[in-house]
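Hi,

Here is the structure I promised to pass on.

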Amino acid sequence: MPHIEILLENLPSGAPVRIEHAAAAVVVFRTGESVSAFEDSCPHAHWRLSEGEVTAGVLECPGHGWEFNILTGHCLSVPAYRLKPYHVTVSNGVVRIDCDEASSVVCDMTICGKAG
Amino acid sequence: MRVTYFGQACTLIEAAGRKILTDPWLTEGAYFGSWFHTHLLEDAGVTPWAFPKDIDYIFISHEHQDHLDAASLWRLPRDIPILICKFATPKFRNYLEALGRKTCELSSGEAVELGDGFRVTIFATAEYTNDSAILVEGEGFTVFNETDCKLGYADLQELGKRQIDIGFYMFSGANWYPMMYNYSEPQMTGLVRHRRRALLRSLVQRVKLTRPRIAVPAAGPCTVLDPDRLWLNSPERGIFIDPEEAVTALQSAGLGSEPAYLAATDVWDSRSGIERRAPAAFRAPRQEYIRDAALRMEPRVTAMRAAEPPAACDLPGRLVTYFDALVEALTPAVRHRINAKLALAVTGPCGGSWTVDFLAPASPYTREGIAADWTYKIEVEDKLIYPFLTGRELFFEDILLSLRVRFARRPDEYNEPLYHFLYEPDPGKLHNWYATH
């Protein structure tokens, strides 16, 4: 399965990181040793969530202020919405994000330890 | 190019020998006497009857009364074509045509050449609502007026490539949340603070993305001059932000754009820059201006209230018929998305209590009384809701925007499908929207 691999130590805690993929763009959040990843697009008006601010585990979309739980992707402002999640595993300091779509990874190699 | 600002989203844009007027709201007391301009236009000598008539085009972004004001349009020549966005339903166009106006619908993103290099492009909102923004190009200059429109990220990115000389932006809350809900005082002040901060952050981000040379906070807020509701103007209790506060937020962000406070009748000219033409009072501390304006307008607000026609006592039957027909027309999928018990507490001599149950198995969906398990409650005067039940008024959200309605919700969550239903209960539009959202 196409995936992204990132060194955990290269993910800042508390700030969203955008990783561009040929078919989609992913926003990655690190909270301590936990990592979550979602499509980097607000379901409201498709702003980049990676440009938002995280406070106490809640991301505020920079566009119009919709708020999301960064662990679950649930929208707190409009509960019917949830961010599209990507499956994440962390092993031996390496974060692996499985991508749904069969496409090559074009993420910034200064962030990605390895792209597969 | 020359742009004269007339408050809210109203701009008169002149270039290449042509003039286009955007969102002419030139009267006071929109939404049942509640909404007044940031500064009263008549203090700057602006009135519908004195307004220049030599205009080639009018653009109207959406149906809200602080953008589409029938009384202002009435004073503008009927042969001026009105440019509007082509929306999913013809409701907005039909309304304008019923006012006797010629409309011209433009597809979102389609640039239209109006002669001598004068071009306009309308952009539709990313939301369910019927809202739009406009880009005008002429004489080598470009002006963007966002109006109240929440554009999608891709459109804003595209606008960022268009070398906008001056952009007019929404910067303030323009609705009833959270002020008209039944929150405790500490909850309310916390929510207001949070909302104001998010609104200013959003403004900064939209300016950053669209990269105008000059950024003007324009649309959004109102001033409430009803003596009983002056508290809505308070920064601690209301979401109607002072434009100078928005300028400060933009300055603090250190963007490449120059933030500018324009008051009504100020002008931007591509040759000479900004010309300050507004009265000096428009630059006085805002709370002082509001206190003075409220005193002066009190007799007019009182007279507006006194002139409101009463409801008739066929209201109960009309209300049940109105809501039942709307809910009955919805597809089951949409009714389930709304998933609400809407309690309507109608006060006044013709009032009563009803609950609209969107999940009732069949008609009647609307029953007398407030259900114990209501999820959303609206308390409204009979005379405000009655004209919507008779069809005399079309845009139900006008009631909500009047700031004369109280709300409660259980749980305390935004039910967006219910809002969409109240905004435009077109069954096909709702069904199509929720098939993809």
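**Leu106(B) and its surroundings**

Leu106(B) sits in strand E6 of chain B, which covers residues 103-106. Bear in mind that this is a predicted model. Is Leu106(B) buried or exposed? Leu106(B) has 20 C-beta neighbours inside 10 Å, so it counts as buried, the cut-off for that being 20 or more.

Which residues does Leu106(B) touch, if you skip those within four places in sequence? The contacts are Leu83(B), Cys85(B), Lys86(B), Val112(B) and Ile122(B). Take Ile122(B) from that list: it is 16 residues away from Leu106(B) in sequence, and the C-alpha to C-alpha distance is 6.8 Å.

**Chain B as a whole**

Zooming out, chain B has 13 helices and 20 strands. Its radius of gyration is 22 Å, close to the 22 Å the globule rule gives for 437 residues, so chain B is as compact as a globular protein of that length. The C-alpha trace spans about 65 × 45 × 40 Å along its principal axes. Of the 437 residues in chain B, 48% are buried. If you count contacts in chain B with a separation of 6 or more, 67% of them join residues 24 or more positions apart.

**Where chain B meets chain A**

The contact between the two chains uses 13 residues from chain B and 14 residues from chain A. On the chain B side, helix H4 (153-159) and helix H5 (185-210) are the elements that give two or more residues. H5(B) gives the most, with four residues. By type, the chain B side comes out as six nonpolar, three polar and four charged residues.

Cheers

Conventions:
Residues are numbered from 1 along each chain as its sequence is written. Chains are lettered from A and ligands numbered from 1 in the order in which they are written. This is a predicted model: local features need pLDDT of at least 70, side-chain atom pairs count only at pLDDT 80 or more; totals for chains, interfaces and linings use all residues. Two residues are in contact if their C-beta atoms, placed from the backbone, lie within 7 Å. Ala, Val, Leu, Ile, Met, Phe, Trp, Tyr, Cys and Pro count as nonpolar, Asp, Glu, Lys and Arg as charged, and the others, Gly among them, as polar. The radius of gyration is taken over C-alpha atoms; the globule rule is 2.2 Å times the number of residues to the power 0.38. A residue is buried if 20 or more other C-beta atoms lie within 10 Å of its own, exposed if 12 or fewer, and partly exposed in between; C-beta atoms are placed from the backbone.
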